[in-house]
Amino acid sequence: VALLDDAIVALVHVTYARQLTHGPHARLDQLVVAHQFRRRGIGTALLAFVQQRARKRGCAGFSCTLPAHEAAAHHFLGKNGMQHGGAWLVKPLAGTE
C-alpha cells in the first residue's frame, strides 16, 4: 500500500506462480490509486516496486490482464514498459451473476 498522512491512497496486489515449462511468473492482479492522488508518480512507484520484487523472487515474467475498455490503464502500463502479449479470453459461468 501507499500511505499519506496514515491514509491508504493506493494499493497493489501481485500473485506469484510456478510454471511447468518456464520459471516463476508474477501477475499484477490489482493496482489502484485513489482518484485525487493520481498523476503524482504513486502508481509508477508501486509498479516499479513489485517488478523489482518479482525479479528478486526469480520470476521469468510479469503480466496482467485488462478489459479492452480500460484505455487509461492500457496507456499507463504501456508507458511503463508493458507490452501486449496475447488475448484475454473470458467465459461467463451460468449461475454466478
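I begin where the helix ends: α1 is followed by G58, whose phi is positive, near 80°. Helices here are DSSP runs of H or I with at least four residues, strands are runs of E with at least two, and both are numbered from the N terminus.

A word on the source. This is a predicted model, in which local features need pLDDT of at least 70 and side-chain atom pairs count only at pLDDT 80 or more, while totals for chains, interfaces and linings use all residues. Residues are numbered from 1 along each chain as its sequence is written, and side-chain values use heavy atoms, with hydrogens and water left out.

Helix α1 covers residues 42–56, that is, 15 residues. From first C-alpha to last it reaches 21 Å, close to the 21 Å expected at 1.5 Å a residue; the expected span is 1.5 Å times one less than the number of residues.

Which residues of α1 are buried? They are I42, G43, L46, L47, V50, Q51 and A54. Buried means under 20% relative accessible area, exposed over 50%, and partly exposed in between, with a 1.4 Å probe and protein chains only. These residues lie on the same side of α1, because they cover an arc of only 165° around the axis, taken from the directions from the helix axis to the C-beta atoms. On the other side of α1, R55 and K56 are exposed.

The cover over the buried residues includes β1 (2–4), β2 (7–17), β3 (25–33), β4 (61–64) and α2 (71–79).

Consider Q51, which is buried at a relative accessible area of 17%. Beyond residues up to four places away in sequence, Q51 touches F62 and M82, contact meaning heavy atoms within 4.5 Å.
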